[in-house]
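Welcome! Please take a look at the sequence and the structure first.

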Amino acid sequence: MGELREPLRELIECGLPQALEVMGERWSFMILRASFNGLKHFEEFLSELGIARNILSNRLAKLVEHGILKREPCADDRRKIEYRLTEKGFDLLPAMLALRQWGQKYGAETVIEDPVLVDEHDRLPIGPVSILAHDGRILGHQDLWLVRPENLGKRADGTIATQGANLGEGDVVDLASKKAALR
């Protein structure tokens with residue numbers, strides 16, 4: 001990935017150790033998967049996942065503490081609590097899907113997907129989670145490069161990429177504003 005390397009000993013400088021601190025064990029991922037599948041109540045998680053009560057309580061508290069889930073009183077019974085995904089929690093969906101697809105591809109046993117995860121619009125299976133360039137091109141590991149922040153947008157040939165110009169020619173595009181414009 002170029003001539004630079006990440007500072008591997010400096011754990012604070014990278015998001016991966018921080019993410020693993022929150023999500024780095026099986027039950028957190030299983031609770032998150034259950035949340036994506038619509039489970040909200042402690043007893044639902046308990047019965048569906050087959051997890052010990054104390055472990056579930058601990059993992060839910062950790063996910064709430066880190067802002068991945070939020071605790072809310074139930075609308076129909078204010079004495080009961082629901083655990084709902086936050087925006088931060090929903091942002092974990094691509095990582096969850098990538099891990100799921102990796103497990104289906106490389107797991108020890110063949111995994112038959114049933115039900116199948118599809119695109120709501122055309123009801124066809126989703127494609128593999130990919131690394132995308134700013135302009136939507138799919139990148140492989142050989143396409144990735146590390147640069148210092150002050151060198152962002154400086155191409156190898158010396159030219160400078162400009163924000164939002166000529167999509168498809170390797171220029172920087174603000175995907176958030178492009179998505180918002182499509183809505």
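Which residues make a nonpolar surface patch of about 370 Å²? The patch is made by Trp145, Val147 and Leu152. Before going on, please note that this is a predicted model, in which local features need pLDDT of at least 70, side-chain atom pairs count only at pLDDT 80 or more, and totals for chains, interfaces and linings use all residues. Residues are numbered from 1 along each chain as its sequence is written, and side-chain values use heavy atoms, with hydrogens and water left out.

Back to the patch. Patches are made of residues with over 30% relative accessible area and no salt bridge, where like charges are joined within 9 Å and nonpolar side chains (Val, Leu, Ile, Met, Phe, Trp, Tyr) within 5 Å. The accessible areas come from the Shrake-Rupley method with a 1.4 Å probe, and for residues only the protein chains shown count as cover. Trp145 sits in the loop between strand 4 (138-139) and helix 7 (175-182). Helices (H or I, at least four residues) and strands (E, at least two) are DSSP runs, numbered from the N terminus. With 60% relative accessibility, Trp145 counts as exposed; the word buried means under 20% relative accessible area, exposed over 50%, and partly exposed in between (1.4 Å probe, protein chains only).

Now let us go inside. The buried residues of helix 2 are Trp27, Ser28, Met30, Ile31, Leu32, Ala34 and Ser35. Leaving aside neighbours within four places in sequence, Leu49 is in contact (heavy atoms within 4.5 Å) with Trp27, Met30, Ile31 and Ala34.

What caps the N-terminal end of helix 2? Glu25 does, with a side-chain oxygen 3.1 Å from the backbone nitrogen of Trp27. After helix 2 comes Gly38, whose phi is positive, near 100°.

Side chains of opposite charge can pair when their charged atoms come close. The structure holds 8 salt bridges, each a side-chain nitrogen of Lys or Arg within 4 Å of a carboxyl oxygen of Asp or Glu. Here are some of them.

| Salt bridge | N to O distance |
|---|---|
| Glu25 and Arg59 | 2.7 Å |
| Arg79 and Asp77 | 3.1 Å |
| Glu82 and Arg84 | 2.8 Å |

The side chains of Glu25 and Arg59 meet in a salt bridge. This pair links distant parts of the chain, with Glu25 in the loop between helix 1 and helix 2 and Arg59 in helix 4, 34 residues apart. Glu25 is partly exposed, at 25% relative accessible area. In the second pair, Arg79 is exposed at 74%, whereas Asp77 is buried at 17%. In the third, Glu82 is buried at 11%, while Arg84 is partly exposed at 30%. Salt bridges with shared partners join Lys70, Glu72, Glu82 and Arg84 into one network.

How values were computed
A polar contact is a pair of N or O atoms within 3.5 Å; within protein, one must be able to donate a hydrogen and the other to accept it, and residues adjacent in sequence count only if both atoms are side-chain atoms.
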